[in-house]
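Have the sequence and the structure at hand while reading.

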Amino acid sequence: MQLANWPTGQLEINLHTADEEICVVFEDSEPGVSNEQLPLLFERLYRAENSRNRKTGGSGLGLSICQALVRAHGGHMNAEHAAQGGLKITVKLPVHHD
């Protein structure tokens with residue numbers, strides 16, 4: 001487990017293996033997203049925060065690109081609410097044996 005503290009919040013990163021998968025879990029503190037926003041987070045050009053624009057950052061491509069990379073490696077990722085009030089992103093990748 002790795003916990004990062006910033007003046008505006010926290011990010012916890014956990015890594016473990018289970019059932020021939022590598023699992024990486026990212027959980028952050030508030031602010032989170034609504035239930036309606038969760039399924040939209042991986043869509044290209046979607047921005048959960050309406051105040052974000054190109055001048056203040058965020059193009060709405062980050063999670064979409066991440067999901068494409070994970071899928072290209074045979075994995076999957078999902079988003080849900082974190083216990084700390086923010087977002088929880090889980091990435092699962094298969095373990096390949098040569």
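Of the 98 residues in the protein chain, 24% count as buried. The model is predicted.

How many helices and strands does the protein chain have? There is 1 helix, and there are 5 strands. Along the sequence they follow the pattern β-β-β-α-β-β. Take the contacts in the protein chain with a separation of 6 or more: residues 24 or more positions apart account for 41% of them.

Now the strand pairing. Strand β3 covers residues 21-29 and pairs with strand β2, residues 9-18. Strand β3 also pairs with strand β5, residues 85-94. The table sets out both pairs.

| Strand pair | Sense | Bridges | A bridge pair |
|---|---|---|---|
| β2 and β3 | antiparallel | 8 bridges | Leu15 and Val24 |
| β3 and β5 | antiparallel | 8 bridges | Ser29 and Gly85 |

What do β2 and β3 form, and how many residues lie between them? They form a hairpin, with 2 residues between the strands. Asp19 sits in the turn and has a positive phi of about 50°.

Turn next to the pairing of β3 with β5. Here Ser29 is bridged to Gly85 in β5. This pairing is antiparallel and runs over 8 bridges.

Key:
Residues are numbered from 1 along each chain as its sequence is written. This is a predicted model: local features need pLDDT of at least 70, side-chain atom pairs count only at pLDDT 80 or more; totals for chains, interfaces and linings use all residues. Side-chain values use heavy atoms; hydrogens and water are left out. Helices (H or I, at least four residues) and strands (E, at least two) are DSSP runs, numbered from the N terminus. Buried means under 20% relative accessible area, exposed over 50%, partly exposed in between (1.4 Å probe, protein chains only). Contact means heavy atoms within 4.5 Å. Two strands pair if DSSP finds at least two bridges between them.
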